[in-house]
Amino acid sequence: MSAAPVQSAGVVVGRAEEAARMVASRKRWDRFFMIGGAVLSFLCIAVLAVLVADLVRDAWPRLEWGFLTRDQSNDAEQAGIKTAILGTGLVMLVTAVTAIPLGIAAGIYLEEYAKKNWFTTIIEINIANLAGVPSIIWGLMALGLLVYGLKTGQSILTAGLTLGLLVLPIVIVATRESIRSIPQGIREASFACGASRLQTVRYHILPYSMSGVLTGCIIAMSRAIGETAPLVTIGALAYITSVPAVPFSEKAWPLEAVATRAVQVDAPIETGASGGVMQFRIELPDETPGAKKHAVVKATRDVTIPAGASAAQVGEAIEATPDLTARLDSTGLLRVENEQFGGIVLGKDTSGVAAALAMKQEGGRHGPLDWLSSSFTVLPIQVFDWVSRPQQNFQINAAAAGVVLVMVTLVMNGVAIFLRVRLRKRLQW
Amino acid sequence: MTSANVSNLQVGNAGDRQRAVEVVVPTHGRDVSGTIAAVDSRAASSSQSASLVKAEVRGLDFYYGKFHALKNLNLAIYDKKITALIGPSGCGKSTLLRCFNRMHDLYPDTKYSGEIVLHPDGLNLVGPGIDPITVRMRISMVFQKPNPFPKSIFENVAFGPRLRGIKGKDALEAEVQRALKGAALWEECKDRLQDNAYRLSGGQQQRLCIARALASDPEVILFDEPTSALDPVATLRIEELMRELREKVTIIVVTHNMHQASRVSDYTAFMYLGELVEYGETPQIFQRPKKTMTEEYISGRFG
């Protein structure tokens, strides 16, 4: 009777050895994978750290407060990013105001209201696809639909709407994901208490999904803030000296800007200060076919504008000049016209004069939403502009603006993480 | 019995106005030999005895898409009594329960036909023109898994009263206190009303859900396996609570636990494959079942 136990004990020992060998082998793989993973993660972070450090080193001479608050300039050391920061902030404001409510509403509708049918299925597939559309395509769409179609111009409004559409799918997807993580039991409890769908959304679905929704919104915003391509497409300016129209401020007539731009466009205008008086000479070009434009000067008229004239006075001054009339045509261009030689177009860029004429009807102050139609620049475009200049000094500016952009993005992502952790902690089911 | 099913069923205590009731259930020529219903025909017509029957299920069919989940159910729910629905998984007991507060309306592709008449006013709960919210304003529900809102204890209970337009701190506090006392939770949490509901234990959470259901002052409370996620001690407390609540409201409870049905309920309905097999007073169902299928289920031979 002793043989059998010994035999079975042997089998047991054999099995134990086999198991120990297998366990050891799996543990080796485990450790191998862990070390490999750690090395790769470290490499990723190290590369990122080196890039940021390099950027900061390049940018070092410009990293001071004044860089953020100075206007643009052709002198690299005097140039700042005030207009870019303002532009970025205002464009983001428009983006947030459009994309966030629309995206959350769409997400709620698709999760809580929409019946599942072929129509909602198509919408869902399209939203997933829209998230993958290259941003330049959005820019082309905006150029066609907004700038030319709806005539919103190369403005903050256009840029904000474009980026809003661009990030809308991100907000929708984040909202839906977050809503989907709410257990069905919570909805049933709310309905069983006698709540309507809207009350259930208002008191339960929206508050409980808020962490995910806010995280999605911030991620969407930090995506939008770095976008360059669609804004270049719709015509964001790289160099801009005027800040967007401050609500209710007195409309200024930027004499200097009109002068320089008008010279560049159709009608040459000369300015000169004479005893506190700003003087324009509008030279009427030869309009005969084949004649070289501006080559033959047929007539000149001086338009005298007192220094510090209000915008309305500018318009009046042009009107008061003999043989000259000024009007805005249907496309928003300023036409200065002369009986003998017909009209000349000063072009859209003479925004001051255009504004002056418009103001004869509207009064002398900016409306609360005038900034929406201002031209603008944003941080990434500013970086792109500086980096493409040959002077070494502007490379430093580009690096410094890049650092600012990276910091803003990091802060936004940090807030997203904070919200996720903080708000999630209150929810447990 | 070709076109009608007639049965005698002893309901209520002897000497009560409820006594042996003869029930006639039209069957439209179909064989529904398993269907027994107790409908006090006088209760439906005379106002004097209307309080005895709180709700009547009449010829109720229910469909999930093409699936015929409830088949021509007829039964009466008695006022301020506990009615237990038992039967094996998939028999339709939860489906029937959720017809009472129109929970199925939340999901697509569901269809009711027939009637559930709520007394005393004769509202047809599953009527096509009846808004589910009006139904849920009168009939509240406690679910299988405790599902408090991730808010404070106070806000959980105050939700129903708020929906009913009760405003003002004092009025809401009075409602919350009344409901928490009704759910035997007041003593345990009167000092921590602002704590998150999820800091309560499982059993306390379920009592909070009962308080939430009570706060809307319902006529009927539906319990869908209310203790299946709880330990035996918590289960016992819930059962005690249900017996106390019977003083004030009508209760319908779905349970998998036959001991629970026999302990707490006054009436028991046994369902199988979407049909009502047997319905009667709980002691009769458990001690002298009329159908062999009921007896086999109760004695644990299937299900």
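Modeller: Happy to. Two residues are in contact if their C-beta atoms, placed from the backbone, lie within 7 Å. By that rule, 21 residues of chain B are in contact with 19 residues of chain A. On the side of chain B that touches chain A, the elements giving two or more residues are helix 3 (132-138), strand 8 (139-142) and helix 4 (153-163) of chain B. Helices (H or I, at least four residues) and strands (E, at least two) are DSSP runs, numbered from the N terminus. By class, this side of chain B has twelve nonpolar, six polar and three charged residues. Here Ala, Val, Leu, Ile, Met, Phe, Trp, Tyr, Cys and Pro count as nonpolar, Asp, Glu, Lys and Arg as charged, and the others, Gly among them, as polar.

Before going on, a word about the source. This is a predicted model, in which local features need pLDDT of at least 70 and side-chain atom pairs count only at pLDDT 80 or more, while totals for chains, interfaces and linings use all residues. Residues are numbered from 1 along each chain as its sequence is written, and chains are lettered from A and ligands numbered from 1 in the order in which they are written. The predictor gives the complex an ipTM of 0.83 and a pTM of 0.73. Chain B averages a pLDDT (the predictor's confidence in each residue, from 0 to 100) of 83, and 83% of its residues score at least 70. Over residues 1-51 of chain B, however, pLDDT stays under 50. Where pLDDT is low, the predicted coordinates should not be read in detail.

After helix 7 of chain A comes A:Gly194, with a positive phi near 105°.

Helix 8 (residues 197-225) of chain A also packs with helix 6 (residues 156-180) of chain A: their axes come within 8 Å and cross at roughly 150°. Axes are lines fitted to C-alpha atoms, for helices over the stretch in contact, and angles run from 0 to 180 degrees between N-to-C directions. The crossing angle therefore makes helix 6 of chain A roughly antiparallel to helix 8 of chain A, a term for angles over 145 degrees. Among the residues that meet are A:Leu163, A:Ile170 and A:Ala174 in helix 6 of chain A, and A:Ile205, A:Gly212 and A:Ile219 in helix 8 of chain A. By class, this contact has 13 nonpolar, six polar and two charged residues.

Helix 6 of chain A has another partner, helix 3 (residues 82-113) of chain A, packed at an angle of about 35° with the axes 6 Å apart. That contact has 20 nonpolar, seven polar and four charged residues.

Methods: Parallel < 35°, antiparallel > 145°, perpendicular 65-115°, else oblique.
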